[in-house]
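Subject: Structure for your review

Hello,

Please find the structure below. My notes on it follow.

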Amino acid sequence: MSDSLVAPPDRSKRRRFRGIADKLGILGIFIVSAMILMAVFAPWIAPYDPTERVGRPFQTPSAEHLLGTNDVGQDLLSELIFGARVSLTVGLVAALVAFIIGTTVGVLAGYYPKRIGTVLMRTVDVVLILPFLPLLIVLAAYLGRSLINTILVIGILIWAAPARVIRSQVLSLRSREYVLAAQTMGAPDRWAIWRHVLPRTALLATSTFVRAVSTAILLEAALSFLGLGDPIQKSWGSMLFWAQTRGAFLTPAWKWWVLPPGIMIMLASLGFAFIAFAVEERINPRL
Amino acid sequence: MTPASSVGLTDAESSVADRRRVESDEALLQIEDLRVSFEGRDETVHAVNGVSLAVKRGEVFAVVGESGSGKSVSMLSVMGLLESPPARISGSIVFNGIELTTLSRRQMKSIRGSEIGMVFQDPMSSLNPVHPVGKQIAESVLLHRDVSRKAAKARALDLLDRVGIPDAGKRADDFPHEFSGGMRQRAMVAMALACDPKLLIADEPTTALDVTVQRQIVTLVNELQAESNMAVIWITHDLGVVAEIADRVAVMYAGRLMETGTADSIYSSTRHPYTSGLLRSIPRLDTPLVERLPEIPGSPPHVTTLLASCPFHQRCPLGESGCTDSLPELEDTGKGTMTACIHHRAMDAPGSIWPIEELSRSDDKSSELRHLVAIEGLKVHFPISRGGFRRKRLAVRAVDGIDLDIHSGKTVGIVGESGSGKSTLGRTLVGLETPTEGSILIDGKPLDTSSGAHRRRVQMVFQDPYSSMNPGQKVFEIVSEPMRIHKIGTPDQHHQRVAELLQMVGLRPDVIDRYPHEFSGGQRQRIAIARALAADPEVVVCDEPVSALDVSVQAQIINLLRDIQKRTDLALVFIAHDLSVVRQISDEMNVMYLGQVVERASRDDIFDNPLHPYTRALLAAVPVPDPHGKEARLSPPLEGDLPNPADPPTGCRFHTRCPVAVPGLCSEKVPEFREVAPGRWASCHLIEEGDKPILKIQKRETEEENNEPTQDEETNQ
């Protein structure tokens, strides 16, 4: 007599979903670490110096130049490998800028929801509704083409979304009894923030950071493709820019000049997005 | 398939089985060897381990147990509300001749609601917030009966009227949030009764309510049950309520029945150490005060392997090697109870195994009484804005003019219903709220909400030991936090002090590297107390420190607080809704109503001779854990709910609910909070001053007509 009373509802669904998230996360870590290794060891992996003219211009792929050469005779494969340095640096540092601004704003707005919070969140709203790409172009054009400027412009534009997520978390944390308990003990606000709020926000902040990296890589590619990237250091985006200006999109050269950087951009962005997805799934399995 | 098939049947057991067969003719619900386990990722929790019981038609059957005793789980499985998996259910549940365990989901649905009604603990989460209450009741009629919408609506009104909702016709269109807690629970009862069920299962229906409202619900269910002759299963942890309502009682522990019997025999001649321990360890109003409450050591177990021995033996004073040999089955004791204890024959005077220390208040500290905190004219108002364009400036007057003195080594008890402002008072004292008016001075220096060294002197113990600690911190970090905040001592001294404190609150010092989730509720509250004491405070505010704990653990915490106070000269502010708990620990009592203190006196005075009608009503509402105690009551239960604290009644704030209010006087003139006798303060027009002050009790008839309209007013918040 061991019949169950209720027909089994499907609980395994969520678990399976989480299993997928974990697998994607591992895949993401694999992609990202491969990219980072490639960027770090670029001088050893790349067959040529990407800034040197090592062959005739517009060569098709051959044993010497696996992806051919560009309009001035630089090796495209080497450009691709060195491009990882620029793309990843911009992605990571811009996301870091966004992470710092976003966390600060989010924590302050969440912990002091009345005056400071209102002002900060209205600022967030403004940043969120700004037309993204046009502003990016204007800012980049106005500030000039350099790596630092690219990083700053992207960082300044993408901090608002993380700030919102973090604020909502802090808002709920500040009314937890252990935060109140710290207040009754006579702790100043910064104590409560450093000891109780920040540690419990860290995981969430990490996931927003990883997600921001993914966004930042895409934005960098977009900026560079429009010719607003650093002219000295070529990223994958600027490879596409040059491919476009030299007409590679319309010739058979797209297969070795356009496709590889495009795939790299997609992989890098996807890798970080997978990691962020897996982390979020861990924090909040009901997402 | 018999309950005892795994164990050899003894004579006593087979006679039990015989008796059950005889009874089963009239049994409405018959549960045989019910077992429920939950399979988790790491472990299997055995929630119910072989429960057999029978509920007769028309009786009130109480299932008593602490958290984790399996009382709710077993009744949820009766209703078919357990999800499986993860739950695994075996055994047999026969209701009205139908085997419930083999029914399909749909068949179960038709029984649930129409044959078996349910009332849950939290009425707010059981009612749908976006539908009017009347409509929700009508829905449940429509679901099970083939009637027109109109007839269902009429039935809903009828039911609301029957459960005592004033002006049911009007209130039926209100939404759940417009109802007070007590009225919501009444509405839930109405919904459960919608189809005249044969059995009503009430799962902790009064736990979330105030004592006064609890009394109303208990009375209501009693009346309804007598009218309709339905059976009621009342699940609770509160032995007091059980004595008020139950015909028969089953005591559960660790998923096993420990004892069953009539309410009388359980209370007067229990043969189980656990039942007698529970009965002894709850503080009571009807017995003399004791020095220390008898404690049941330890905390309820978490059963992850199949039980092979008495689950209570580790906490039992009679526990010996024999207890671990086999799992005791229920045996007839010949004293009206069926008891699962191998010692039941030896227990002639079951109470004696839990010794009581007589009260010895020789260590009177009045000589060294030091005035610590002075609260003067304290008001804490919370502004609320309502309406879109014509905003009215309203404020919830949570605390509305309170003077209070706190002395070292003494305990100030604060009691009142929820909404009386007692918690706000405590929170203001520890700097979580800013006073709107008035002052709080400690040694003449103001105690404001800013952070800093002055806050060290007043610390707090919160109600819920689960949420008051950062789950990511270790015990050392938690307990040493006040010292680190105020930069007292070096890290080495912190370790030493934390070890001392842990020992003081009865924990082993080597737990400092553990996380809070590894502890039980009682142990966590001990950690919280250690934390409150870490920075050597002079005043500790305890806001309902035991109300989230298991009954058997409450006594441990109360005793601990008293012991600490005796040793350290600490002043305690003890806030609670449970008068019997406050009585056990307090020196001075303050009764609060709508943000004001209505009566203040020493503990003995207030319990021996309560003056204010509100104090009397509160005392009368406390359930007495003795089935014979029902008759001896001071005054009738309090009616209605707490008025809206944003718009308190004119005159005496209590006059809308006061059984002795004098129209024209109490509703007009604000009574002064005056000293009616040396050391006794009260605010009531009807108290005669003097050495032996008394309450002049008026005839009730005079204000009968006055009472009706005020009820509307107070519920139309």
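Helices here are DSSP runs of H or I with at least four residues, numbered from the N terminus. The model is a predicted one.

Nonpolar patch on chain A

By that numbering, helix 1 (12-40) and helix 2 (42-45) of chain A each supply at least two residues of a nonpolar patch. The patch lies on the surface and is formed by Ile36(A), Leu37(A), Val40(A), Phe41(A), Trp44(A) and Ile45(A). Together these residues have about 620 Å² of accessible area. Helix 1 of chain A gives the most to the patch, with 3 residues; Ile36(A) is placed in that helix.

Interface of chain A and chain B

The contact between the two chains involves 26 residues of chain A and 44 residues of chain B. The size of an interface is often given as the accessible area lost when the parts come together. For chain A and chain B the buried area is about 3100 Å², and carbon and sulfur atoms give 59% of that.

Which kinds of polar pairing turn up across this interface? The rule finds 0 salt bridges between chain A and chain B, while 6 residue pairs, both at pLDDT 80 or more, are in polar contact.

On the side of chain A that touches chain B, helix 8 (177-184) and helix 9 (189-225) of chain A each supply at least two residues. Helix 8 of chain A gives the most, with 7 residues. By type, the residues on this side of chain A are 14 nonpolar, 6 polar and 6 charged.

Regards

How values were computed. Residues are numbered from 1 along each chain as its sequence is written. Chains are lettered from A and ligands numbered from 1 in the order in which they are written. This is a predicted model: local features need pLDDT of at least 70, side-chain atom pairs count only at pLDDT 80 or more; totals for chains, interfaces and linings use all residues. Side-chain values use heavy atoms; hydrogens and water are left out. Contact means heavy atoms within 4.5 Å. Buried area is the accessible area (1.4 Å probe) that two parts lose on being put together, summed over both. A salt bridge is a side-chain nitrogen of Lys or Arg within 4 Å of a carboxyl oxygen of Asp or Glu. A polar contact is a pair of N or O atoms within 3.5 Å; within protein, one must be able to donate a hydrogen and the other to accept it, and residues adjacent in sequence count only if both atoms are side-chain atoms. Ala, Val, Leu, Ile, Met, Phe, Trp, Tyr, Cys and Pro count as nonpolar, Asp, Glu, Lys and Arg as charged, and the others, Gly among them, as polar. Patches are made of residues with over 30% relative accessible area and no salt bridge: like charges are joined within 9 Å, nonpolar side chains (Val, Leu, Ile, Met, Phe, Trp, Tyr) within 5 Å. Accessible areas come from the Shrake-Rupley method with a 1.4 Å probe; for residues, only the protein chains shown count as cover.
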